Amino acid sequence: MVSVQQWTGREASALRAALRMSMRAFAEHLGVALRTVAKWESLGAETQPRPDTQAILDTALARADSASQSRFETVLFPERQSARPTDYETWTEDIERAVVCISRQDFPFASTLLNRWLGSRAPHQLDDKGLYLYGRSLVLLGDLQRDQGAVLGPLSARHSYLTARGMFTELDIPRRVAQIELSLAVVQEMSGQLESSARHYELLAGDERLSPRDRARARLWVGTALSKEGDNEYATGVMVEATRSFEDLGEPEDWSVAHQKLALAHRGAGDLKQALHYIGIARTTGTVDSPMQRVRLDTAYGHILLSDAATRNDGLSVLDQAAQVARQYGLSHQLRSIEGIRKDQQG
């Protein structure tokens, strides 16, 4: 942790900025007069706090979290922000930990891991490796925001993805750029832009920048968007093609998810027998290691059961279970989907 031998108004102002406090809030935080903080701001290095106030500032810096301490150091010593191998090693480890946390829907800890770097590093001060790690952190933050249902706006998945895409474009890493474009198409679909997301998926399904698996996923999601629009016949054909690709690629989890999507497409077309057939395959072959996977599978199953008067009560029970898990893990988008299904059935 950076330490201060002799506090002046300059260091005190830097600490206020690092803590992201207003002058009034900073004065209350330290227990000093507002005019004292204003004096530090106006005179900078030309004024020095009294010895007792020096100790108060030492304590405030020591108690600040790691992100605030890093910001403090950045403000005072921008020349120190060049890449340090140990920093990048730790950053990479935190990214790997965040991936695991997001897959388990442990959003608070994942957010802490990512923001400790995103909040303490200025992209324009980073070399190419640092910029790459910053971009990866932004993509994961976008994934986290998307899973929580924050898809549009300044603090949203879309904003994080767009910023990261600019960085990977600058670094000339086309595979990463294409992966972000696939995520942006998902955001389009989630925000209700079904036709434009279907077109976007279709372009990416033939994009050589993506891996064969990602291209197959894009093809499956073409069908998902079209099915939501009511074009279930064409959607089913596209999904079957994607399902075969997953089988050829040896991707059992994607293969199982494709059967879940096929089940919903058949439900939309009114073929409940086929819908139950495909959802049965998805339920017996899919893994439910994460709350998100469990909620998605149960939501699809409950939706199909609700479509038949004979199994309506069973469907409501399954949806209740899915909603409970969605609330527990903050899966806002999934919860809204469940509530939408219920309203449609009541209507």
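This is a predicted model: local features need pLDDT of at least 70, side-chain atom pairs count only at pLDDT 80 or more; totals for chains, interfaces and linings use all residues.
The ring of Tyr201 pairs with that of Trp221: the two centres are 5.8 Å apart and the planes meet at 55°, so the pair is tilted. Because Tyr201 belongs to helix α11 (residues 194-205) and Trp221 to helix α12 (residues 212-228), the pair ties together parts that lie 20 residues apart in sequence. Trp221 has a relative accessibility of 18% and also counts as buried, since the cut-off for that class is under 20%.

Altogether, the count of aromatic pairs comes to 7. Another of these pairs joins Tyr132 and Phe168, whose rings are edge-to-face, with 5.7 Å from centre to centre and 75° between the planes. Here Tyr132 sits in helix α8 (residues 128-147) and Phe168 in helix α9 (residues 157-170), so parts 36 residues apart in sequence are tied together by the pair. The two partners can be told apart by their accessibility: Phe168 is buried, at 1%, whereas Tyr132, at 24%, counts as partly exposed.

Aromatic residues also come together in a cluster, formed by Tyr88, Trp91, Trp117 and Tyr134. A further ring, that of Tyr301, has a charged neighbour: Arg283 lies over its face, at 3.8 Å from the ring centre.

With a relative accessible area of 18%, Arg219 is buried. Leaving aside residues up to four places away in sequence, Arg219 touches Ala205, Val238, Glu241, Ala242 and Ser245.

Helix α13 covers residues 232-249. Its 18 residues, at 1.5 Å a residue, should span 26 Å, and the end C-alpha atoms are 25 Å apart, which agrees. The buried residues of α13 are Asn232, Ala235, Thr236, Val238, Met239, Ala242, Thr243, Ser245 and Phe246. Among them, Val238, Ala242 and Ser245 are touched by Arg219. Just after α13, Gly250 takes a positive phi of about 70°.

Notes: Residues are numbered from 1 along each chain as its sequence is written. Side-chain values use heavy atoms; hydrogens and water are left out. Rings of Phe, Tyr and Trp (its six-membered ring) pair if their centres lie within 6.5 Å; planes under 30 degrees apart count as stacked, over 60 as edge-to-face and the rest as tilted. Helices (H or I, at least four residues) and strands (E, at least two) are DSSP runs, numbered from the N terminus. Buried means under 20% relative accessible area, exposed over 50%, partly exposed in between (1.4 Å probe, protein chains only). A charge sits over a ring if NZ of Lys or CZ of Arg is within 6 Å of the ring centre and within 35 degrees of the ring normal. The expected span of a helix is 1.5 Å times one less than its number of residues. Contact means heavy atoms within 4.5 Å.
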